[in-house]
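Take a look, then follow the questions.

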Amino acid sequence: MGADRAKMPVMTKTPLPSRKLETDASGVSRRQFVRAGALGAAAMSFPFVGQVLGANDRINVGCIGVKGKGDSDTDDTANCGGKLVALCDVDERHLKEKGQKYPEAKLYSDFREMLEEMGPSIDAVTVSIPDHCHGLASAMALGMGKHVYCQKPLTQTVFEARQLRDLAAKKKLATQMGNQGSASSALRRGVEMVQAGVIGQVGELHVWTNRPIWPQGLDRPEGQDPVPEYLNWDAWIGPAPMRPFKEGVYHDFVWRGWHDFGTGALGDMACHMVNTPFRALKMGYPSLVQCEEASALHAETYPKTSRIRFEFPARQGLAPLKFWWYDGNPDDPYKPYTLPLRPAPEATKDLIDIYGKLPSEGILLVGDRGKLFSQHDDFGQAMLKLKGEESYTAMEKHECAKTVPQTIPRSPGHNEEWFRMMRGGAPAYSNFAIASQLTEIILLGCVAMRVGVGKEMKWDAKHVKSPNCPEAAQYLKRHNRQGWNI
């Protein structure tokens, strides 16, 4: 290690085993919040689209966020046959660049103005902006009867996740969350293999990522810089508390680690990495979440590395499950260097034997009959090892794969699924009924980090609260800044 790496921070650890119609500052009452928790199980599987668009109908789309993932989301929407009638981005540079490609689209820097002015002309909306604005932009669009495609994580708070699920079901709209690996045939095959019982009852799940690849685990810098003329800083801040602009601290792409704007490495990657086991194991909601270990905690940002344990009760004939999440960048370029947390060696020794070292990312399901592993978020190149076997074999080449039938339809494409749902009503694989539950699991891990290392947070999904950890309530929803309520 270099000089910086020699001085690693001490870990904190526990032992491993519309702007109106307001009801409160976030736009939804506590009663509505709890009601959303009880919203029908039917919506979890087969959302009903009330008014589908015909195969020949033109679908007019407004795109909120056109850089980063918004760049490809905008192009994918056009490639699927959407007519781009409005583009919105807080950064004039990005907006003008995209506007040159789609000259017929009207340009906006504030999604509220876009929705208010273009509402009658828009059928659907894409949302590809920082996490803290996902819920508000999507809820406004859904409330206006617009179909919505929103990037992951679906929302920044549990409150918003329940709200979007409720709105999508009530309005009977086509929705899709942007965890594109859902369209992977490998992911769907992995679900089929696990649900066929190939590795038996799964009691352990380990998932790790090499994120963050942005600054995290730091304090807010002092002072402020002039807001660039090209940036609508008020719209960038959106529903979060206003703060001074600092060059290179929040915009572009360096917002993910801040509590006010992002969801850390967990929120960035878990909607991808946990997608396969979430579906295969019918995880539902956890009964307990604990941040077992983390690097130094900071008042306004997530730690550079963490280990979080989620416990799920027995469900639908499946055994209780313990799921450990690990994040941290082995090649962390930001000082001080922090050695990332990873699974214990006994859980991954056979993987190290194959790859020479632990892969930088991984999904490992441990059953009573064997193990299933992939180092890809779409579950590509999955490896299977049954008890009594010396090493892993490519899942699809394993003899037992021949006996497992295909039971899940394959995808025409992630964005194509959303368009198909708008046109014909067939549920998209990551519609908001599904995506909201996956998102909530992940956001509870974010809450556990903020509650504190070592604190076991029980979770009552029915009543949307922690019965033993009342301090968690402040992190379940945000009190939106004035002017940014639904």
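Q: Why are α11 and α15 called roughly antiparallel to each other?
A: Helix α11 (residues 264-273) and helix α15 (residues 432-451) pack at an angle of about 155 degrees, with their axes 10 Å apart. The labels go like this: under 35 degrees is roughly parallel, over 145 roughly antiparallel, 65 to 115 roughly perpendicular, and the rest oblique. Therefore α11 and α15 count as roughly antiparallel. The axes are lines fitted to C-alpha atoms, for helices over the stretch in contact, and angles run from 0 to 180 degrees between N-to-C directions.

Q: What makes the contact of α11 with α15, and how do its residues divide into nonpolar, polar and charged?
A: From α11 come Leu266, Gly267, Ala270 and Cys271, while α15 brings Leu438, Thr439, Ile442, Gly445, Cys446 and Met449. Contact here means heavy atoms within 4.5 Å. Seven of these residues are nonpolar, three are polar and none is charged. In this scheme Ala, Val, Leu, Ile, Met, Phe, Trp, Tyr, Cys and Pro are nonpolar, Asp, Glu, Lys and Arg are charged, and the others, Gly among them, are polar.

Q: What kind of model is this, and how are its residues numbered?
A: It's a predicted model, where local features need pLDDT of at least 70 and side-chain atom pairs count only at pLDDT 80 or more, while totals for chains, interfaces and linings use all residues. Residues are numbered from 1 along each chain as its sequence is written, and side-chain values use heavy atoms, leaving out hydrogens and water.

Q: How many helices and strands does the protein chain have?
A: There are 15 helices and 16 strands. These are DSSP runs numbered from the N terminus: helices are H or I with at least four residues, strands E with at least two.

Q: Why is Ala347 called buried?
A: Buried means under 20% relative accessible area, exposed over 50%, and partly exposed in between (1.4 Å probe, protein chains only). Ala347 has 14%, so it's buried. Ala347 sits in helix α13 (residues 345-355). Leaving aside neighbours within four places in sequence, Ala347 touches His206, Leu364 and Lys371. His206 is 141 residues away from Ala347 in sequence, yet 8.8 Å away C-alpha to C-alpha.
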